[in-house]
Amino acid sequence: MKIGFIGSGNMGSAMMRGILASGKCTEDEIMASDALAGTLTAVEKDLGIMTSMDNKIVASFADVIFLAVKPQYYESVITGIRDVISLDKIVVTIAPGKTLEWLQGIFGKPVKIIRTMPNTPAMVREGMMGMCPNGHVSKEDIVLVRDICSGFAETEIVGENLMDVVTAVSGSSPAYVFLFIEAMADAAVADGMPRAQAYKFAAQAVLGSAKMVLETGKHPGELKDMVCSPGGTTIEAVRVLEEKGFRSAVFEAAKACVNKSREM
C-alpha cells in the first residue's frame with residue numbers, strides 16, 4: 001500500500017509519524033510534498049520518507065492520498081492533481097467546511113473521497129478523527145483507511161451532517177483544553193507553585209480525568225459528583241465555575257465553531 005501526503009506541516013507530519021510508528025507502512029511506501037522546500041527537507045530527514053515538490057508526482061505514486069493542506073488551498077491543489085486521480089485511488093481530506101459535493105465538483109469526475117476531521121493530539125498518537133465517505137467508497141476502502149489512521153487516532157464514521165460538529169467537539173477542542181490547562185496552571189503559580197510543576201499537575205489531571213470517562217463508561221456528571229464532597233473544596237470550586245458561566249461559555253464556543261465551519 002502506497003500512501004501520499006500533499007502537505008507536510010504539523011498535521012501531515014504527525015499523521016505520517018503515527019503511521020510509521022504503528023508499522024502500517026514503511027518509509028519507502030510513503031511520499032510527501034509541500035509548498036515549502038525547508039519543510040519538506042526537514043520531514044525527509046526526520047522520517048526518512050520519499051518527497052517531491054510536485055504534488056502530481058505524489059498523487060501518481062500513491063494508492064491513498066491525504067490532502068493535508070489548509071482549506072483555502074484545496075481548489076488549486078485538486079485542480080493540479082485531478083488528471084492523475086483515477087477511481088482506484090482514495091482521496092482523504094482533512095479540511096473543515098469542504099463538503100463531499102464541493103470536493104467532487106472540483107475533481108469534476110467520480111472519485112473515491114473520504115472527508116475527515118483529525119485533531120492535533122495525533123502528534124502523540126492520541127488523536128480523534130471523524131470520517132465520512134462518499135458513495136464511491138467501498139466498505140473495504142473504509143476498513144483500509146481506518147486501519148491506516150489507527151496509527152495516530154481513534155476513528156468514527158459519522159454522517160456528513162455531523163462533520164461540522166466533529167470540528168467543534170474534537171478538531172478544534174484541543175485549543176479549549178489547552179486554555180483550561182493554562183488557566184489552572186496560572187492559578188497554581190499565583191498561589192506559589194513553580195510554573196513547570198503547575199503545568200504537569202494540571203495536564204495530568206486532565207489526562208487522567210479523560211481516561212476515567214473513556215474507561216469507566218460513567219456519565220461525566222456522575223464522575224464529577226464523586227469528587228464533590230458535601231461542604232468540601234471541590235463543590236465550592238464548581239459553584240464558582242457555574243457562577244462565572246463556565247459551562248455556558250464552553251457551549252457557546254462550540255456552537256460558534258460549528259457555525260464558522262459551516263460558513264467555510
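These legends accompany close-up views of a predicted model.

**View 1. Ser 52 and its surroundings.** Let's start in the loop between strand S3 (50-51) and helix H3 (55-61), where Ser 52 lies. Ser 52 has a relative accessible area of 13%, so it is buried. A polar atom of the Ser 52 side chain is 3.0 Å from the backbone nitrogen of Asp 54. Leaving aside residues up to four places away in sequence, Ser 52 touches Met 31, Ala 32, Ser 33, Asp 34, Leu 40, Ile 57 and Val 58.

**View 2. The stacked rings of Phe 5 and Phe 66.** Two aromatic pairs are counted in this model. In the pair shown here, the ring centres of Phe 5 and Phe 66 are 4.6 Å apart and the planes meet at 5°, so the rings are stacked. Phe 5 belongs to strand S1 (residues 3-6) and Phe 66 to strand S4 (residues 64-67), so the pair joins distant parts of the chain, 61 residues apart. Phe 5 is buried, at 0% relative accessibility, and Phe 66 is likewise buried at 0%.

**View 3. The tilted rings of Phe 180 and Phe 246.** Here the aromatic pair is tilted, with 5.9 Å from centre to centre and 45° between the planes. The partners lie 66 residues apart, Phe 180 in helix H8 (residues 173-190) and Phe 246 in helix H12 (residues 246-263), linking distant parts of the chain. Phe 180 is partly exposed, with a relative accessible area of 34%; Phe 246 is also partly exposed, at 36%.

**View 4. A charge over a ring at Trp 102.** Our last stop shows Lys 98, whose charged end sits over the Trp 102 ring, 4.4 Å from the ring centre.

How values were computed: Residues numbered from 1 in each chain as written. Predicted model: local features only at pLDDT ≥ 70, side-chain atom pairs only at ≥ 80, totals over all residues. Heavy atoms only, no water. Helix = DSSP H or I, 4+ residues; strand = E, 2+ residues; numbered from the N terminus. Buried < 20%, exposed > 50% of the residue type's maximum accessible area, 1.4 Å probe, protein only. Polar contact = N/O pair within 3.5 Å; in protein donor to acceptor, adjacent residues only side chain to side chain. Contact = heavy atoms within 4.5 Å. Phe/Tyr/Trp six-rings, centres within 6.5 Å; stacked < 30°, edge-to-face > 60°. Lys NZ or Arg CZ within 6 Å of the ring centre and 35° of its normal.
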